[in-house]
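Q: Can you walk me through this one? Start with whatever terms I need.

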Amino acid sequence: MPEYVNWLRHASPYINAHRDCTFVVLLPGDAIEHANFGNIVHDLVLLHSMGVRLVLVHGTRPQIENRLAQRGLQPRFHRDLRVTDAETLECVIDAVGGLRIALEAKLSMDIANSPMQGSRLRVTGGNLVTARPIGVLDGVDYLHTGEVRRVDRKGINRLLDERHIVLMSPLGYSPTGEVFNLACEDVATRVAIDLGADKLLLFGAEAGLLDESGKLVRELRPQQVPAHLQRLGMSNYQAELLDAAAEACRGGVGRSHIVSYAENGALLAELFTRDGSGTLVAQEQFERVREAGIEDVGGLIDLITPLEEQGILVRRSREVLEREIEQFSVVEREGMIIACAALYPIADSQAGELACLAVNPEYRHGGRGDELLERIEDRARALGITTLFVLTTRTAHWFRERGFEPSSVDRLPSARASLYNYQRNSKIFEKAL
């Protein structure tokens with residue numbers, strides 16, 4: 001119970017932040033067939049109950065392949081996009097219709113003693129996407145394969161205002177009454193951009209983007225995406241999702257997230273925890289180093305109090321922190337201060353003191369200390385400081401590894417030497433800037 005209570009308390013800022021926001025969610029056909037899909041439905045219902053405006057875009061690729069195989073038809077692709085002839089279009093319409101009905105049924109459940117009890121969702125869709133044919137590319141006629149021409153933004157927003165979940169299929173319609181097979185990623189991206197959605201959520205088989213060593217990349221800027229696409233190759237589905245995420249951000253969507261459809265609770269972990277579970281693509285920085293302001297005093301107290309109690313840092317009262325707040329630089333992550341450091345110019349000298357360098361224990365292996373040290377050194381140089389001192393009782397080796405040399409009280413400028421605490425017996429190091 002304490003763990004659940006603690007999680008809920010930490011999730012409350014996100015619950016408030018997500019209320020009345022518009023999320024576009026891509027559910028590829030593979031996700032819908034996965035054993036974990038029932039849990040994803042429960043999580044989507046939870047988001048709806050919290051006041052999130054949901055647009056669900058589903059895919060049908062494996063379902064279309066099954067129907068083609070049943071009819072003995074060979075699938076055709078060009079540039080990883082299906083060529084849709086008349087017979088294939090029949091399979092597409094059949095697959096979309098069957099899957100849409102199945103999804104509406106899952107979202108309509110009201111089973112006692114389950115997450116669906118009392119949900120009473122209204123799921124709505126329709127001819128909300130106008131499409132046009134792709135035409136001929138590289139000499140290949142895509143026939144009934146199309147691309148999004150226009151999204152009925154007003155119609156979708158009206159449904160969302162009335163608390164409907166909007167369910168959209170990868171089909172588009174032309175003004176002449178034709179039906180076109182669309183890529184679900186294209187539909188989701190265009191809908192997110194045209195609605196000005198707060199988030200585009202993309203489900204894939206992996207937890208998110210994995211680097212060359214298989215480690216999860218937690219955050220990217222859109223301008224960093226092309227290098228990863230080149231490494232992955234566009235035939236890789238994670239690359240398709242990454243490309244869609246970056247395109248949405250460039251089009252004005254606040255944040256795009258790639259999460260796993262195979263991992264139970266991945267969506268909730270991504271949305272309601274500080275570190276998430278997948279890959280975030282966003283224009284703004286998820287984590288940033290900046291100068292502190294008076295509104296950061298509470299966060300600084302939370303960060304440094306445990307270290308003060310252990311005797312690692314000198315105690316500072318709230319009044320002292322408020323008075324000296326302009327000396328501090330901080331690392332902010334999703335509204336939380338996770339690291340800090342202070343620079344104190346020493347009177348009547350060209351020296352300064354680096355003090356109160358602290359990093360939240362959960363984030364001590366991500367280079368935040370080095371980032372702050374670089375920030376403090378840049379600030380010191382800008383002030384004309386040529387020598388940086390640091391006094392420490394526990395982290396001497398860390399500073400030695402970063403160019404600080406052993407020093408002594410005699411080397412300190414008199415204004416600082418007179419304040420040296422011999423009982424604390426801190427080791428003194430200095431670094432020429």
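A: Buried means under 20% relative accessible area, exposed over 50%, and partly exposed in between, with a 1.4 Å probe and protein chains only. The model is predicted, so local features need pLDDT of at least 70, side-chain atom pairs count only at pLDDT 80 or more, and totals for chains, interfaces and linings use all residues. Residues are numbered from 1 along each chain as its sequence is written, and side-chain values use heavy atoms, with hydrogens and water left out.

Q: Is E284 buried, exposed or partly exposed?
A: E284 counts as partly exposed, because its relative accessibility is 38%.

Q: Where is the place of E284?
A: E284 is in the loop between β18 (279-282) and β19 (287-291); strands here are DSSP runs of E, at least two residues, and helices are runs of H or I, at least four, numbered from the N terminus.

Q: What is E284 in contact with, leaving aside neighbours within four places in sequence?
A: E219, R221, G254 and R255. Contact means heavy atoms within 4.5 Å.

Q: And how far apart are E284 and P222 in space?
A: They are 9.8 Å apart, C-alpha to C-alpha, and 62 residues apart in sequence.

Q: Switching to cores. How many residues has the largest nonpolar core?
A: It has 41 residues, and V24, V55, V57, I156, M168 and V191 have the most contacts inside it. Such a core is a set of buried Ala, Val, Leu, Ile, Met, Phe, Trp, Tyr and Cys residues joined through side-chain atoms within 4.5 Å.

Q: Which element gives this core its largest share?
A: α9, with 8 residues.
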